[in-house]
Amino acid sequence: MQGALSHPVYRRLLLAQILSVLGSGLTTIALGLLAFELAGGNAGAVLGTALAIKMVAYVGLAPVAAAIAVRLPRKPFLIALDLARAALVLALPFVTEIWQIYLLVFGFQAFSAAFTPTFQATIPDILEDEESYTQALSYSRLTYDLEALLGPTIAGALLAVTSFHALFAGTAIGFLASAALVASVILPSQNPAAAQTPFRKRLTRGAWIYLATPRLRGLLALYIGVAAATAMIIVNTVVRVKVDLGYGDEMVALHFAASGIGSMVVALVLPRLLGNNSPRRVMLMGAMIMTCCMALAGTGPELIAGLVLWLALGAGASLIQTPAGLLITRSCHAEDRPAVFAAHFALSHAAWLLAYPLSGQLGAWIGLSPTFFFMAALTAIASICATRLWPSNDPVEIEHEHPAVEHEHAFGDEIHHEHEANGAPHPVRHRHAPQRHSHVFVIDDHHPVWPRS
């Protein structure tokens, strides 16, 4: 897997992503310790509220940020977001009230909701061939998995010699280093056509393209299953290990590590898998693995079997999450990528916003085993919906027919489209004659509806 890493700009951006993700992981650990210092036994409730605030910020602000970002130069925008996150993290050690935590968490996650989709949409502009981009998606997945494994280790080493307040400083250093790496490269500029679209249209354009594209509707259904499985891991692992099995914190950490290792293995082999199989087949296989593993987890397996199931759950989720960027890139024009990535970011996190409290409340109300069966059924239903929403016949090029239409194009404050007339472009209202043709099909102004089979 040398293609993506041979690109010097991508190498620096990957390092920036690693530092940013690691910083976010250290912040999560430090935030838990800060909540305990301020709230004592109510720290869990504080963290639960902070997690809900994070998801609300992601769901509500990602499309707004994407609509604003297209009018801004990409590199200064990403640098400013890193600097803003560093500043907010440095303010956390000085809070004295719970509401101050909530306010700073909302600000921090709002900046993250702007940073992540913009960063994700930048990578395919740098790695234009699909093979290199697929490798980059695997590296991105590995980055998040390594953070889950290494973050607690690094935090533990720091806490052995200093207080948890130092974790915030370490996080800020990570964001500052990320900003420096972004500043050191030349990034492709934003497409000017996207910036000229009216704000209201920019705000909804990503969701419109996303929800009008069958493969992306199927992706969203599959992410409901991912949310169900990962919510059970994050929320209920500690209950399963410490209450049901009677083990200590070490086994809790080992279960989380097993899930991360399963995800990492998939990220490493995914380029080869996608070389021999369609993304649809790979992702539906991931959904089937998650469904079966959650159903088996509901039977109350012992320690070794449980670790194997957690490893398989991580692998199944990664089979869906890792190729998602490839589907998005195939499904829109370059100028629409930031908006569609932001729509995916918001819609997928809406699934987690529902799955986290659902898994926690059901586990407390009806018990862990019935909750695993319920979430397995939910994942199975989501998978069936995905097969219906995303047909197996999903060609890149589609033959389709255009009726005669007369329309205009938005450009700045005027409505126009440029055509060559007498050797010079000028704005006109224009008419398309009816035609039937075949080309790479994505949803756009000329193709607002997906063709029927």
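A nonpolar patch is here a set of residues with over 30% relative accessible area and no salt bridge, whose nonpolar side chains are joined within 5 Å. In the predicted model, Ile261, Val265, Leu268, Val269 and Leu311 form such a patch on the surface, and together these residues have about 400 Å² of accessible area. The largest share of the patch, four residues, is contributed by helix H10, which spans residues 249-276. Leu311, a further member of the patch, is located in helix H12, which covers residues 303-321. With a relative accessibility of 38%, Leu311 counts as partly exposed, because this class lies between the limits of under 20% for buried and over 50% for exposed residues.

As to the chain as a whole, 15 helices and eight strands are assigned, and 50% of its 453 residues count as buried. The accessible surface amounts to about 20600 Å², of which carbon and sulfur atoms account for 65%. When contacts between residues at least 6 apart in sequence are considered, 82% of them join residues at least 24 apart.

The side chain of Arg74 is joined to that of Asp125 by a polar contact of 3.1 Å. Apart from residues up to four places away in sequence, Arg74 touches Thr118, Ala121, Thr122 and Asp125, as well as Leu187, Pro188, Ser189, Gln190 and Pro338. For one of these residues, Pro188, the separation from Arg74 is 114 residues in sequence, while the C-alpha to C-alpha distance in space is 7.9 Å.

Asp82 likewise lies in helix H3 and, at 0% relative accessibility, counts as buried, since the limit for that class is under 20%. Two polar interactions of the Asp82 side chain were identified: a polar contact of 2.7 Å with the side chain of Ser178, and an approach to the backbone nitrogen of Ala179 at 3.3 Å.

Terms used. Residues are numbered from 1 along each chain as its sequence is written. This is a predicted model: local features need pLDDT of at least 70, side-chain atom pairs count only at pLDDT 80 or more; totals for chains, interfaces and linings use all residues. Side-chain values use heavy atoms; hydrogens and water are left out. Helices (H or I, at least four residues) and strands (E, at least two) are DSSP runs, numbered from the N terminus. Buried means under 20% relative accessible area, exposed over 50%, partly exposed in between (1.4 Å probe, protein chains only). Contact means heavy atoms within 4.5 Å. Accessible areas come from the Shrake-Rupley method with a 1.4 Å probe; for residues, only the protein chains shown count as cover. A polar contact is a pair of N or O atoms within 3.5 Å; within protein, one must be able to donate a hydrogen and the other to accept it, and residues adjacent in sequence count only if both atoms are side-chain atoms. Patches are made of residues with over 30% relative accessible area and no salt bridge: like charges are joined within 9 Å, nonpolar side chains (Val, Leu, Ile, Met, Phe, Trp, Tyr) within 5 Å. A salt bridge is a side-chain nitrogen of Lys or Arg within 4 Å of a carboxyl oxygen of Asp or Glu.
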